[in-house]
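Dear colleague,

I am passing on the structure we spoke about, together with some notes on what turned up in it. Please keep it open beside you as you read.

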Amino acid sequence: MPNRPVPRPTRTRVPDRELLTTAQVARLLGVKTQTVYAYVSRGQLSPTHRDGRRASYFAPEEVEALQRRSGSLGRGTGLAESVRTTITRLEGDRLAYRGRDATVLAETASVEEVAGLLWGGDEPVASVASVAEEDALADVRAGLAALPEGARLVERLRLAVLLLTARDARRHDLAASAVRERAGRLIATATAALLPREAWGSAYERSDQATRWTAVVGGDPGDPSLVDLVRRALVLLADHDMAASTTAVRVSASVRADLGSCLLAGLSAMDSPLHGSAGVRARLLLEAAVADPAGTLGRVLTDPGQAAGFGHRVYRDSDPRAEHLLGALRAAGLGELEGPTALLEEGLWERHGLFPNSDWALAVLTHRHALVGDAPEALFAGARLVGWVAHTLEEYAEEPLRFRLMGVYQGRRDPA
């Protein structure tokens with residue numbers, strides 16, 4: 001029987017902003033870009049060409065239909081790969097928030113401006129920068145006093161979010177405007193609650209998020225250069241697409257959990273050495289390199305698995321967040337860290353092709369300015385709260401209960 005040409009899929013016009021690039025299709029299907037071109041040649045995908053551009057673009061519905069028809073396609077790493085989002089774009093070792101390059105935003109944008117952008121507009125979120133609620137602040141600080149003295153900042157932040165959520169009688173109002181307003185108050189108050197006692201009642205309680213976080217992690221909020229570095233870190237780490245903790249947030253939002261509960265899901269998922277606290281491991285590596293540069297380099301070159309803060313699952317050649325933040329740190333001067341950091345960065349790149357990631361940049365920032373030991377994970381969590389609010393809002397606009405994995409039973413069966 002002669003081979004018949006495979007009919008090309010038909011589809012309705014898709015707005016350009018919703019089309020997927022070849023690289024995005026390859027990532028979604030878990031294949032190489034050359035394989036995407038093979039699907040095109042076989043008639044399994046129909047490319048669209050924008051005016052004056054040679055690059056090919058594809059409709060999301062067509063790619064999803066190909067996934068359904070070809071059960072062997074895709075990496076099978078979970079639901080996150082099929083979640084459409086307008087929040088963050090990761091492509092070609094670049095990071096963009098709603099189409100705006102995150103590294104460009106980090107040059108001058110405040111945390112409040114980035115929150116306004118991610119939460120659905122271009123205006124700063126006024127309530128994020130407003131004075132924390134004084135009555136709520138007193139209650140939260142009283143609750144935090146019950147924690148043991150050595151409790152980490154992330155644990156304190158988690159309890160602060162829980163206490164603020166529990167006292168919010170309107171937390172189940174999921175209208176977008178109400179969620180945005182509540183998010184601003186919650187973030188401002190939770191951060192202020194973590195301020196050291198000597199800053200209670202000071203102007204820092206009524207300041208911006210970058211200044212608050214500088215004080216929370218043990219820095220001098222009166223040092224404009226340090227506050228600027230913290231601001232850059234908070235902007236660069238605000239969101240990173242469907243990371244594990246963000247997926248936890250979206251699953252919670254899909255069952256219509258309130259905002260505070262969604263944020264708690266994210267804070268719980270990120271509290272791991274493989275995720276949110278990876279920066280603490282990177283700082284320990286940096287401290288070892290300062291004490292014994294040659295010995296530490298030899299150890300990680302022999303076993304690159306110990307090179308915390310290097311390499312990335314998404315980026316191929318460089319992490320734009322690390323590039324930006326390390327550049328700003330070097331411009332300000334690294335002092336005694338200049339030699340050890342350069343030694344590890346150059347050695348790991350030349351031997352194993354491993355580049356510094358955002359965890360390493362946080363380690364360098366927090367060590368250079370003698371911030372508290374768990375500052376890397378605290379700054380990560382504080383930054384990511386902003387992005388999680390955006391994902392909560394976006395998920396609330398979808399059909400509820402859409403996340404449901406199908407288990408493939410592999411256990412014991414009773415005899416028939």
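Two strands are taken to pair if DSSP finds at least two bridges between them. In this model, which is a predicted one, β3 and strand β4 (residues 94–97) pair in the antiparallel sense over four bridges, and Thr88 has Tyr97 in β4 as its bridge partner. These strands belong to an open sheet of three strands in the order β3-β4-β5, where the pairing is antiparallel. Its edge strands are β3 (88–91) and β5 (100–101), each of which pairs on one side only.

Turning to the helices, α5 (residues 111–118) and α19 (residues 375–396) pack at an angle of about 15°, and their axes are 9 Å apart. Angles under 35 degrees count as roughly parallel, and α5 and α19 are therefore roughly parallel to each other. The crossing of α5 past α19 is right-handed. Val111, Ala115 and Leu118 of α5 make the contact with Val386, Gly387 and Ala390 of α19, and by class this contact has five nonpolar residues, one polar residue and no charged ones.

One residue may also be worth a look on your screen. Ser358 lies in helix α18 (residues 358–368), and because its relative accessible area is 7%, where under 20% counts as buried, Ser358 is buried. Leaving aside residues up to four places away in sequence, Ser358 touches Leu237, Asp319, Arg321 and Ala322. Of these, Arg321 is 37 residues from Ser358 in sequence, while the two are 5.8 Å apart in space, C-alpha to C-alpha.

Definitions and conventions: Residues numbered from 1 in each chain as written. Predicted model: local features only at pLDDT ≥ 70, side-chain atom pairs only at ≥ 80, totals over all residues. Heavy atoms only, no water. Helix = DSSP H or I, 4+ residues; strand = E, 2+ residues; numbered from the N terminus. Buried < 20%, exposed > 50% of the residue type's maximum accessible area, 1.4 Å probe, protein only. Contact = heavy atoms within 4.5 Å. Axes fitted to C-alpha atoms, helices over the stretch in contact; angles between N-to-C directions. Parallel < 35°, antiparallel > 145°, perpendicular 65-115°, else oblique. Left-handed = near helix turned anticlockwise from the far one by under 90°. Nonpolar A, V, L, I, M, F, W, Y, C, P; charged D, E, K, R; others polar.
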